[in-house]
Every structure is written in C-alpha cells, then in structure tokens.
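Subject: Structure handover

Dear colleague,

Here is the structure I promised to pass on. My notes follow below it.

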Amino acid sequence: MNYAKIKNFDIANGPGVRVSLFVSGCTHHCKNCFNPETWDFKYGEPFDQSVEEQILTMLSPSYISGLTLLGGEPFEPANQKALLPFVRRVRLNFPEKNIWCFSGYNFETDMLTGKLGDADTTLDLLSLIDYLVDGEFVEALKDPSLRFKGSSNQRIIDVKRSLAEDDLILWEEDTPQTKKQ
C-alpha cells in the first residue's frame, strides 16, 4: 500500500487534534473529490515500518485525540490488508485514543456483507474503528455546513456500538453521544 500524506495536528477530520493518514488507491472516483490524486494506488510513498513508527510517535502526546484513516479509500481490499496490522498496533499502544475512518463504501451493504474481498479482514478492521463516515461524496448533496462530512448522504456511524447491538447507531454531530437512526 502507498500513502499520499500524513497530517499531524489535524483538526478537520474528526474531533480534537488528530493524526490523519491519507492512503492511496480508490475506485469510487467521486465527482469533484477533494483528493483525486489519491485514486491511483501507486501515488505517494510506500507505507512501511518506518512510516508506521512515525505515526505511532505522532500519536504519543496526550493532547492527540486519535487517528483518522482516509484517502483514497482505506477499505479497498488491498489497503485493508496493510491497514489491519497497523491499526491493531495503534489499538494496542493507544487504547485510550479513538480511530475514525472515512470510506465511500456503505456500512451495511458493502462492509457487513463481505463484498469487499476477504470478509474476515473487513470485519476485523471495522472492529478496531470507533467511528466511520460512510458513503460516497455526492456533489449534488454537498453541504459545507456539515461537520466531518462532505455531502448529506454520508453518515457518521458509531461502529463499536453498531456491531455490539447489531443495529445502526449514529454519532451525533454536536456531542460524542450517539442516537439510533
């Protein structure tokens, strides 16, 4: 897997101060995507052990709220294989920090059904994520007033609760409380 960039001290892609990893490779090709260069799986630099160590170091300060995965598409099957062991390391080293992920795939119809390659890998990766912004960016539904979303069709899902309760639980935008849809 390649990555496009790493943002330290990111405040735009989840609550608090975060470290954000922009992976390369996306097959959605959303119209007016804000990162079209990341569609190419070969764009950027290799995501290797030294990059993992760099991100773990960036996550160390207590004021860093967590990690955000976006891109590109973290849930492309090729990217899942590289991200799963890394996200496990993040969870092991920083259990108090939260993990957000942005994906153009749909939680129920794509991720939970095994349509994205190896179903076990997808579910394992999902189980390590706290909040998922799902759904493709849709230009006609673009709304700059939305917090952490580009278009109104996208949802912020409380993944841990949704998996535990076998029901879709959404994150409320103004507080970290959740609600049922």
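A patch, as used here, is made of residues with over 30% relative accessible area and no salt bridge, where nonpolar side chains are joined within 5 Å. Please keep in mind that this is a predicted model.

By that rule L112, L123 and L163 make up a nonpolar surface patch, and their accessible area together is about 210 Å². One of them, L123, lies in helix α4, residues 119-128. Because its relative accessibility is 35%, L123 is classed as partly exposed, the class between under 20% (buried) and over 50% (exposed).

Next, strand β5. β5 has parallel pairings with two strands, β4 and β6. With β4 (residues 64-71) there are 4 bridges, and G66 is the residue opposite N98 of β5. With β6 (residues 131-134) there are also 4 bridges; here S103 has D134 as its bridge partner. Helix α2, residues 77-93, belongs with β4 and β5 to a right-handed β-α-β unit.

As for the whole chain, it holds 5 helices and 9 strands, in the order β-β-β-α-β-α-β-α-α-β-β-α-β-β from the N terminus. Of its 181 residues, 49% are buried. Along the principal axes, the C-alpha atoms fill a box of roughly 40 × 35 × 35 Å.

Regards

Note on methods:
Residues numbered from 1 in each chain as written. Predicted model: local features only at pLDDT ≥ 70, side-chain atom pairs only at ≥ 80, totals over all residues. Heavy atoms only, no water. Patch = residues over 30% accessible without salt bridge, like charges linked within 9 Å, V, L, I, M, F, W, Y side chains within 5 Å. Areas by Shrake-Rupley, 256 points an atom, 1.4 Å probe, with all protein chains shown as cover. Salt bridge = Lys/Arg side-chain N within 4 Å of Asp/Glu carboxyl O. Buried < 20%, exposed > 50% of the residue type's maximum accessible area, 1.4 Å probe, protein only. Pairing = 2+ DSSP bridges. Right-handed = clockwise from strand over helix to strand, strands pointing away.
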